[in-house]
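Biologist: I have a model open and would like to go through some of its side chains and spaces. Can we start once it is on the screen?

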Amino acid sequence: SEVNERPTIRPTMGFIGSFPLPEEIRKSGDISRLSSKLEWKSMRAILTTQQLHFAHTIADQIFDAIPLGEIKTVQKVLKKPTHDSKEPKSPSRDSNNVFSARAKVSRSKSIVAQGLVETKLDLLQIETIDGGFNSGKMYYIKVADCVECDAWLNEINKAIAEFEFLNKVSFVARVQLCAKAVYTAHRFQYFFAVLIFCCFIVNVVQTELQLSDNADGNQAFQIFEIFFNVAFALELVFNFVANFFYPFIQDFWNWVDSVLVVLSLASMGVADVPGVNALRFMRTLRVLRLFGRIPSLRQILQALSSSVAPVASAFLILGIVMAVYAVLGCTLFGDLDPDDFGSFSRAYFSMFQVCTGDAWASEIARP
């Protein structure tokens, strides 16, 4: 009799449930998997950093998975594999009348190999380790075309290599990698971008109302101040852990964040010291952090900074041309109009007013 298909994964393994989070998914797509009943079943494969999940195509729910640490080999199968035509011997039973795990694995592999028919499409063969949860089960996966098959093969191998690397590195390195994955996530970045904008709006409202320290509404602004300062301080610590050490200090925006956070925390600790309002004013500069978080704003800032040198060259050329005409004006009109062209400095200032269009049509103005 044929071996029944492996039952649903135990809930204790943590495989059953909805799809993983988008940032955890490395690759996903529709596939067909050969069951132990020798039938190709359509399903959805989701590769994450920890497991290769299998889900129903209709119901978005995980029903099976292969831990990356239990994958022994993964390779393409171009032809029907050879197998022993003899039927495996009946598995022995132990004293508790339980089948031997090794006999079950051998029988399962033999039946699956007999049901693998020749096809023009490349297949993926995934073999699991004997001592793992899948007990050495062999998986055969069929995808749309050969290109997709190669893509799945490369991505699974990369995921396995990264999984093995994470298990070999130290605990501190793993914490740093996890912190970096969270810090660089789009949701994390956009959340703090919105928080920065909300902080700026609160500062504008507080400046508009000009409440005294004893006013009832001022307590709400103090709560906002504590919340924003603590949130940005935690975000800075998270950034420091994720990019420790040289990547953190080499980024200009990290220095800006550090200065703003330190000044904001200092303004909380010395609230009764004269001149603390100058430190509180620095909270408004937090909005500059948006330039480092939103890519479009950062591109505009980089474009403006790149244009500083060309614009400075243009101003230098303009200054030289003005100096030439200042000398010419001082020579020709110095005796006629000593107030405007009596010296080089006066003539140069007159040329500057001409360039700016400052009341020179009727008469050159003087302060």
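Biologist: What does glutamine 189 touch, not counting residues up to four places away in sequence?

Modeller: Glutamine 189 touches Tyr183, Thr184 and Arg293 on that count, where contact means heavy atoms within 4.5 Å. This is a predicted model, in which local features need pLDDT of at least 70, side-chain atom pairs count only at pLDDT 80 or more, and totals for chains, interfaces and linings use all residues. Residues are numbered from 1 along each chain as its sequence is written, and side-chain values use heavy atoms, with hydrogens and water left out.

Biologist: Is glutamine 189 buried or exposed?

Modeller: Glutamine 189 counts as buried because its relative accessibility is 16%. Buried means under 20% relative accessible area, exposed over 50%, and partly exposed in between, with a 1.4 Å probe and protein chains only.

Biologist: And where is glutamine 189 placed?

Modeller: Glutamine 189 is in helix H4. Helices (H or I, at least four residues) and strands (E, at least two) are DSSP runs, numbered from the N terminus.

Biologist: Changing topic: how many aromatic pairs are there?

Modeller: The count is 17 aromatic pairs. Rings of Phe, Tyr and Trp (its six-membered ring) pair if their centres lie within 6.5 Å; planes under 30 degrees apart count as stacked, over 60 as edge-to-face and the rest as tilted.

Biologist: How do the rings of tyrosine 183 and phenylalanine 188 sit, and what is that pair called?

Modeller: Their centres are 5.4 Å apart and their planes are at 55 degrees, so the pair is tilted. Tyrosine 183 is buried at 10% relative accessibility, and phenylalanine 188 is buried at 17%.

Biologist: What about phenylalanine 240 and phenylalanine 248?

Modeller: That pair is edge-to-face, because the planes are at 85 degrees, with the ring centres 5.1 Å apart. Phenylalanine 240 is partly exposed at 31%, whereas phenylalanine 248 is buried at 8%.

Biologist: Which residues do ring pairs link into a cluster?

Modeller: Among them are Tyr183, Phe188, Phe191, Phe224 and Phe228.

Biologist: Which charge sits over the ring of tryptophan 40?

Modeller: The charged end of lysine 142 does, 4.5 Å from the ring centre. The rule asks for NZ of Lys or CZ of Arg within 6 Å of the ring centre and within 35 degrees of the ring normal. Arginine 33 lies over the face of phenylalanine 54, at 4.7 Å from the ring centre.
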